[in-house]
Amino acid sequence: MAETEQKEVEEKGSLISGLLDKAKGFFAEKLANIPTPEATVDDVDFKGVTRQGVDYHAKVSVKNPYPQHIPICQISYILKSDTRMIASGTIPDPGSLIANGSTVLDVPVKVPYSIAVSLMKDMCLDWDIDYQLDIGLTIDIPIVGDITIPVSTQGEMKLPSLRDFF
């Protein structure tokens, strides 16, 4: 009798396991087809010089395809020049994305003086540097959870001149 009960338990276990695998496959397929917000970097500009360093601002447009606001958990960024990291940071809880529309986010990038001065020495001929800005926009989509939208842009950035300091 114990042998028969063991077989029944094994059969039920394999039936439940098969059903769970089918459910996982169904939900994975449905989640793969869910639209996600899309982001682009519109512009990176020199904003000014402060006591802490040189300020640049990146304008990031994010399109939200959902009929409700989506909270932004954080924005993280890394600014590189010639594969050398020159600035990085995180902006916690910067707000939310508007429903069924486009939200423009201002991402302030602060480059410390020590790095800005070394860049000026390296780039003294044309006063600009080639850069790559990598931004990770972490949002909280209901049911799905937190996802990070990677955005990257490359270009030339003007370094501050002496008149920017005064």
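User: What makes Leu79, Leu133, Ile135 and Leu137 stand out in the largest nonpolar core?

Analyst: Of the 32 residues in that core, these four touch the most other members. A nonpolar core here is a set of buried Ala, Val, Leu, Ile, Met, Phe, Trp, Tyr and Cys residues joined through side-chain atoms within 4.5 Å. Strand 6 (128-141) gives the largest share, 7 residues. Strands are DSSP E runs of at least two residues, numbered from the N terminus. Keep in mind that this is a predicted model, where local features need pLDDT of at least 70, side-chain atom pairs count only at pLDDT 80 or more, and totals for chains, interfaces and linings use all residues. Residues are numbered from 1 along each chain as its sequence is written, and side-chain values use heavy atoms, with hydrogens and water left out.

User: Why is Tyr56 called buried, and what is Phe46 called?

Analyst: Buried means under 20% relative accessible area, exposed over 50%, and partly exposed in between (1.4 Å probe, protein chains only). Tyr56 has 3%, so Tyr56 is buried; Phe46, at 28%, is partly exposed.

User: How do you know that strand 3 and strand 4 pair?

Analyst: Pairing takes at least two DSSP bridges, and these strands have 11, in the antiparallel sense. One of the partners is Ala87, bridged to Leu79.

Technical notes. Helix = DSSP H or I, 4+ residues; strand = E, 2+ residues; numbered from the N terminus.
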